Amino acid sequence: MTPVLPPLRLGPITVDPPVVLAPMAGVTNAPFRRLCRRYGGGLYVSEMITARALIEGNAKTARMVSFGPDEQPRSLQLYGTDPAVLGEAVRRLVGEGRVDHVDLNLGCPAPKVTRRGGGAALPVKRALLRAIVRSCVAAAAPAGVPVTMKFRMGVDDRTLTFLETGRIGEGEGVAAIALHARTAEQLYSGWADWAAIGCLKEAVTSVPVLGNGDIWEAADALAMVTTTGCDGVVVGRGCLGRPWLFADLEAAFAGKQPPPPPRLGEVATVMADHARLLVDWAGEGAALRDFRKHTGWYLTGYPCGPEVRRRLAMVETLAELDDLLAGLDPDLELVPGGQRIHRGHTNGPRPVHLPRGWLDDPDDASPLPPEADALVSGG
């Protein structure tokens, strides 16, 4: 069958199908990426890594910049607000051969990020943004490592920056750009404005444009491509508790019918596997504490009862998890429309916190003070 889209080309990297796992704090660690990669091809991006913490040797950050021995390409998202610091972080990463792809975080809407001028606030300062992108692309170029950008539509409906941000990235040599079609003010509320992705695709013509927002099942990805003309999709909350979504997407982009949703017995098997991958990575105590949030996502759409959900959300050991999973009805099916029940963040809209005077001069390229990008990696 004829593929729906050709593979995505990012420098020397071929992404087939053209599907990207969105970086998500506390989620897209090495175990989750490994689990997702079992289901299909794509580009699986790490949690956000803070550039300053990386070059200062922060222990948590050093642990997060880790990839499985079979993980190729090694894709990392980087956050920062200072061109020199970001450039140095990229130089170290590519010079030491630790990554194959770098994505720049220009879309995080969290108040602790935007009030420091980072994430979704940064594109307002177009001159500073240009300096950052130029620094990172130059640092990655000697090793042939592609740099991409992910951003939102803007701060709010009055301050839309996505078209100019895309053109800046294109002009400074990024390999691709990705738009989460919401503003920072929206957070995760309402619906993504796919029309904005189409507008960006019309404005940026020499590099691939990827779309992100409200891809809950494979049909949504096909609809986004058809509606916007984008060159690939970025999947975030839709894969929470559903790593098999990447198998559905691979089938859909190959022109095939995706398989039906798994029964609860299959879900329980994946849950047990996911927990064990986390234990191997972080130890049993930390792993099970981290896994608790995933249990609700895995069970979304399965009518298994509130008591089971409550107990799984308090699980402390693998043995306890296995006992609870063994008690589930393996033949239970997903309720109709269960794929579309929202997982993860649903908060918003909310006013965006910005530094004082942030909107006054978009051509001010002055680096922000060091404390602006002194966040802990992961968001």
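Three aromatic pairs are present in the predicted model; rings of Phe, Tyr and Trp (its six-membered ring) pair if their centres lie within 6.5 Å, and planes under 30 degrees apart count as stacked, over 60 as edge-to-face and the rest as tilted. In one of them, the ring centres of W244 and Y298 are 6.3 Å apart and the planes stand at 40°, so this pair is tilted. The two residues come from distant parts of the chain, 54 residues apart: W244 is in the loop between β12 (232-235) and α10 (245-253), and Y298 is in helix α12 (residues 284-299). Helices (H or I, at least four residues) and strands (E, at least two) are DSSP runs, numbered from the N terminus. Both W244 and Y298 are buried, where buried means under 20% relative accessible area, exposed over 50%, and partly exposed in between (1.4 Å probe, protein chains only). The rings of F291 and Y298 also form a tilted pair, because their centres are 6.2 Å apart and their planes are at 40°. F291 is buried, as is Y298.

Residues are numbered from 1 along each chain as its sequence is written. Because the model is predicted, local features need pLDDT of at least 70 and side-chain atom pairs count only at pLDDT 80 or more, while totals for chains, interfaces and linings use all residues; side-chain values use heavy atoms, with hydrogens and water left out.

Side chains of opposite charge can pair when their charged atoms come close. With a salt bridge taken as a side-chain nitrogen of Lys or Arg within 4 Å of a carboxyl oxygen of Asp or Glu, the count comes to 21 salt bridges. One of these is between R37 and D70, at 3.6 Å from N to O. R37 belongs to helix α1 (residues 30-37) and D70 to the loop between α3 and β5 (75-79), so the bridge ties together parts that are 33 residues apart in sequence. R37 is partly exposed, with a relative accessible area of 21%.

A salt bridge between K201 and D231 has an N to O distance of 2.8 Å. This pair also links distant parts of the chain, 30 residues apart, with K201 in helix α8 (residues 194-203) and D231 in the loop between α9 (218-228) and β12. K201 is partly exposed at 22% relative accessible area, and D231 is partly exposed at 23% relative accessibility. Within it, the closest N and O atoms of E88 and R91 are 3.4 Å apart. E88 and R91 are 3 residues apart in helix α4 (residues 83-95), and are therefore separated by about one helical turn. Relative accessibility is 25% for E88, which is partly exposed, and 42% for R91, which is also partly exposed.

K60, K112, R115 and R116 form a positive surface patch. Patches are made of residues with over 30% relative accessible area and no salt bridge, like charges being joined within 9 Å. K60 is located in helix α3 (residues 59-64) and is partly exposed, at 44% relative accessibility.

V133, in helix α6 (residues 126-140), is buried, with a relative accessible area of 0%. Its C-alpha atom is separated by 6.8 Å from that of G169, and V133 and G169 are 36 residues apart along the chain.

Technical notes
Patch = residues over 30% accessible without salt bridge, like charges linked within 9 Å, V, L, I, M, F, W, Y side chains within 5 Å. Areas by Shrake-Rupley, 256 points an atom, 1.4 Å probe, with all protein chains shown as cover. Lys, Arg positive; Asp, Glu negative; His and termini not counted. Charge placed at Lys NZ, Arg CZ, Asp CG, Glu CD.
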